[in-house]
Amino acid sequence: MAKLILSLDGSVLNEILLAKERTTIGRRPHNDIQIDNLAVSGEHAAIVSVANDCILEDLGSTNGTLVNGSSVKKHILRDNDVIELGKFKLKFVGTGAAKTAADYDKTMVWSPGGSKPAGAPSARVPASMAAAASSNPETPLAAKERAGLRVPPGPRADEAAEPFPYRFWAIVLLLLGIVVVGYLAY
């Protein structure tokens, strides 16, 4: 399991295991990692654990978030990365090395119905499963919610929303009726 080592001026203050799917860092008491220092924003940053990766996200902090001396908004953490929040440092210690570009080059890709590379497994997907997968792809909003990222309020793309003009005009007509009745009663 990955962990963070919190230090100030070279002195280790705490070791925090990243056991949750989303770990928040900030000055306010409700954060998972509270750093009571004015250089740290109330909700400064969050670390989201997805599969074997940990992703650091700056939450719009005033002073920004640095990783290995560079300002970042989002960053996939690698073993021994140093996150700087004001004078405080959080050293990321992962359980394994993060994937590099060379790791992704080893991925085999072939299209359905196309020829398979030598040594590729010959697994068949039942038609019912293939149809279900193609008819229900995960939306970007659902993927963000699963990763614990903040999603703006409002109707979601994967939900059927009531048409806007219908609701809008119903309210307009209702208000117009109230005004007319009030005018006639006066």
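Start with Leu 56: it stands opposite His 75 in E9. Strands here are DSSP runs of at least two residues, labelled E and numbered from the N terminus.

A word on the model. It is predicted, so local features need pLDDT of at least 70 and side-chain atom pairs count only at pLDDT 80 or more, while totals for chains, interfaces and linings use all residues. Residues are numbered from 1 along each chain as its sequence is written, and side-chain values use heavy atoms, with hydrogens and water left out.

Back to the sheet. It is open, with 5 strands in the order E4-E3-E5-E6-E9, and the pairing is mixed. E4 (33-34) and E9 (74-76) stand at the edges with a single partner strand each, so one side of each has no neighbour in the sheet.

Now E1, residues 3-8. E1 pairs with E2 in the antiparallel sense over 6 bridges. Their hairpin has 2 residues between the strands, and Asp 9 takes a positive phi near 55° there. E1 is also joined by 6 bridges to E11, residues 88-93, again antiparallel. Leu 4 has Phe 92 as its bridge partner in E11.

Last, Leu 17. It sits in E2, residues 11-17. Lys 3 stands opposite Leu 17. Beyond neighbours within four places in sequence, Leu 17 is in contact (heavy atoms within 4.5 Å) with Met 1, Ala 2 and Lys 3. Buried or exposed, this Leu 17? Exposed, because its relative accessible area is 54%, and exposed means over 50%, buried under 20%, partly exposed in between, with a 1.4 Å probe and protein chains only.

Methods. Helix = DSSP H or I, 4+ residues; strand = E, 2+ residues; numbered from the N terminus. Pairing = 2+ DSSP bridges.
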